[in-house]
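The tour below gives selections in turn and says what is found at each.

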Amino acid sequence: MPFARLASATTPTCHIGLGLAAVGRPGYINLGRERDLPAHRTVDALRARTHELLDAAYAQGVRYFDVARSYGRSEEFLADWLSARPDIDDVVVGSKWGYTYTAGWSTDAEQHEVKDHSAATYERQRAETAALLGDRLDLYQIHSVTPDSPALTDKELHAKLAEAAAQGLTIGFSTSGPAQADAIRAALAVTVDGEPLFRTVQSTYNALETSAGPALAEAHDAGLTVIVKEGMANGRLADPYAPQALKAVAEETGLGCDAVALALVLSRPWAGIVLSGAATVDQLSSNLHAAVVDLDEDQLARLATLTEEPRAYWERRGQLPWH
């Protein structure tokens, strides 16, 4: 498991990773992007911003970086950064396949990404990822598995993934939607030659959407590394959008709403890596303060009142515009 590399890390931030969904392409659904990114989101401008974030994250102890085929040029940007820093050999790199980026570097495309979990898509995107990241890739995840995903039942795909695992690649999956818990439990049951196929799971979990928690605990107990995405609920838990209960707790800690929101996730005993989706260095630095926030029982209880019904949460997420 590549995450064993992080076991020797002693910095408080070693359990926080940096995801590049927000900076690998000009359009995304995070709130506040009109403020966070350059007015002219050229490839070179976002490449420079990505490298700036990676430099700052590494300098502050972050050692897991998360990209995907559908995050625009995120794999390319990360590969460029790694190539320019050959002395950096202590990071863990994860990517995802299953969505194809179709926006053509536009923010107003009719469709930004197309989902396909077929074995043919895996073969194509695995080759594309290999061409960019080569042997720096540690973890390859199926992107956004849902209970009805063919990736859960496709034996041909499972055999191909098991072959990649035998060659040293860690195989994982991510989830999305109101039935994340069902998808996680179904994936835990997938085996090849009697051995579990998946070694990591990446799911949405935050103060507003906690429904995957019990299943993630089961995955952790089964030996999987749990990666948490969207701990900020696509910006809904950051200033100025944060709900009042979160703002009150943040004021008590003297830190930002974002740090408290991520600290809540870090407090879960099953959370192995919690992703920051920062788009600026200041946001990243604020996010990393989560590692030193110690929430008491009263504060945790107040934050628990923010939980939404999963279908309502995902319906609202689906209505967020691509900025």
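Begin by selecting helix 2 (residues 43-59) and helix 3 (residues 74-83), whose axes come within 10 Å and cross at roughly 55°. Axes here are lines fitted to C-alpha atoms, for helices over the stretch in contact, and angles run from 0 to 180 degrees between N-to-C directions. Helices (H or I, at least four residues) and strands (E, at least two) are DSSP runs, numbered from the N terminus. This is a predicted model, in which local features need pLDDT of at least 70 and side-chain atom pairs count only at pLDDT 80 or more, while totals for chains, interfaces and linings use all residues. Residues are numbered from 1 along each chain as its sequence is written, and side-chain values use heavy atoms, with hydrogens and water left out.

Helix 2 and helix 3 are therefore oblique to each other; angles under 35 degrees count as roughly parallel, over 145 as roughly antiparallel, 65 to 115 as roughly perpendicular and the rest as oblique. The crossing of helix 2 with helix 3 is right-handed, meaning that the near helix is turned clockwise from the far one by less than a right angle.

Now show side chains at this contact (heavy atoms within 4.5 Å). From helix 2, display Val43, Leu46, Arg47, Thr50, His51, Leu54, Asp55 and Tyr58; they meet Glu76, Phe77, Leu78, Asp80 and Trp81 of helix 3. By class, the contact of helix 2 with helix 3 holds seven nonpolar, two polar and four charged residues. Ala, Val, Leu, Ile, Met, Phe, Trp, Tyr, Cys and Pro count as nonpolar, Asp, Glu, Lys and Arg as charged, and the others, Gly among them, as polar.

Next come some backbone details. Most residues other than glycine have a negative phi, and most peptide bonds are trans. Select Ser144, in strand 6 (residues 139-145): its phi is positive, about 60°, although it is not a glycine. Is Ser144 buried or exposed? Ser144 is buried, with a relative accessible area of 8%; buried means under 20% relative accessible area, exposed over 50%, partly exposed in between (1.4 Å probe, protein chains only).

Move to Asp193, in the loop between strand 8 (191-192) and strand 9 (195-196). Asp193 also is not a glycine and has a positive phi of about 55°, but at 78% relative accessibility it counts as exposed.

For a cis peptide bond, select Asp239 and Pro240, where omega is near 5°. Pro240 sits in the loop between strand 11 (225-229) and helix 8 (244-253).

Then centre on Ala103, in the loop between strand 4 (99-101) and strand 5 (113-115). Ala103 is buried, at 7% relative accessible area. Neighbours within four places in sequence aside, Ala103 is in contact with Ala109, Gln111 and His112.

Finally, zoom out to the protein chain, which has 12 helices and 12 strands. Its C-alpha trace spans about 50 × 45 × 40 Å along the principal axes. Of its 323 residues, 55% count as buried.
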